[in-house]
Amino acid sequence: MIEVRDVVTSVLYGLGENATRKHSDPEIIDSLNIVLRYVNLALINTKSYWIAKEIKLKPKNGKAKLPEDFGGFKEFEAYDGKYKFTKDAIKVDKDVVMTYLYIIDPIETIEDEIDLPYVLFDMFTRYSIGLLNGNFGSDTVAGLISAEIQKLVANESSGPIDRPMPFFV
């Protein structure tokens, strides 16, 4: 988990505003939310397990309601039947466990936490500083974040490699 307070402190140091401030907390939180939305979208596009949740779907009349935080489909557990996504539901034949990619809640206060691994801390700091300084526009940040996330999660799809032990006892 990433503590928003720690990111804000790093942003202020990066901006040289540790003694006198030019940017308010709401401005910094807004820039962090812009970065968060692009990070979340990039993680959804790469189908990252960092934002994966499981839910058991129990259809009624062949339909199950999708979770409120549904951002994308990842996989079903042991289900080989047909399925179809509609506006806010999914058509399935029977009960099934679905892994889906969720939308992270926006940051509201400095006391919040970002439900992402700490390895992304620097990304939030750098791009928030760039947005607040005017060095980056939103479109530039979107492209940079997408490229960086793709590199970070490139090896996720294959999962861990199981290898036999090189010796026996």
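Reader: In what sense do β4 and β7 pair, and over how many bridges?
Author: The pairing is antiparallel, over 6 bridges. Keep in mind that this is a predicted model.

Reader: Take F73. Which residue is its bridge partner in β7?
Author: Y100 is the partner of F73.

Reader: Zoom out. How many helices and strands are in the chain?
Author: The chain has 4 helices and 8 strands. Starting at the N terminus, the elements run β-α-α-β-β-β-β-β-β-β-α-α.

Reader: What about the radius of gyration?
Author: The chain has 20 Å, whereas a compact globule of 169 residues would be near 15 Å. The C-alpha atoms fill a box of roughly 60 × 55 × 30 Å along the principal axes.

Reader: And what share of the residues is buried?
Author: Buried residues are 39% of the 169. The accessible surface is about 10,600 Å², and carbon and sulfur atoms hold 51% of that.

Reader: Now the largest nonpolar core. Which members touch the most others?
Author: V39, L116 and F124, out of 50 residues in that core. Several elements supply at least two residues each, among them α1 (4–15), β4 (70–77), β7 (96–102) and α4 (138–152).

Reader: Which element gives the largest share?
Author: That is α2, with 10 residues.

Reader: What does V39 touch?
Author: Leaving out residues up to four places away in sequence, V39 touches L116, L120, M123, F124, I145 and I149.

Reader: Next, S128. Buried or exposed?
Author: S128 is buried, because its relative accessible area is 0% and the cut-off for buried is under 20%. The residue is found in helix α3.

Reader: Which residues does S128 touch, beyond four places in sequence?
Author: V11, S31, L32 and V35.

Reader: How does A147 count, then?
Author: A147 counts as partly exposed, because its relative accessibility is 36%, and that class runs between 20% and 50%. A147 lies in helix α4.

Reader: How far is the C-alpha atom of A147 from that of G71?
Author: They are separated by 20 Å, and the two residues are 76 apart along the chain.

Reader: Last one. What share of contacts with a separation of 6 or more is between residues 24 or more positions apart?
Author: That share is 72%.

Methods: Residues are numbered from 1 along each chain as its sequence is written. This is a predicted model: local features need pLDDT of at least 70, side-chain atom pairs count only at pLDDT 80 or more; totals for chains, interfaces and linings use all residues. Side-chain values use heavy atoms; hydrogens and water are left out. A nonpolar core is a set of buried Ala, Val, Leu, Ile, Met, Phe, Trp, Tyr and Cys residues joined through side-chain atoms within 4.5 Å. Buried means under 20% relative accessible area, exposed over 50%, partly exposed in between (1.4 Å probe, protein chains only). Contact means heavy atoms within 4.5 Å. Two strands pair if DSSP finds at least two bridges between them. The radius of gyration is taken over C-alpha atoms; the globule rule is 2.2 Å times the number of residues to the power 0.38. Accessible areas come from the Shrake-Rupley method with a 1.4 Å probe; for residues, only the protein chains shown count as cover.
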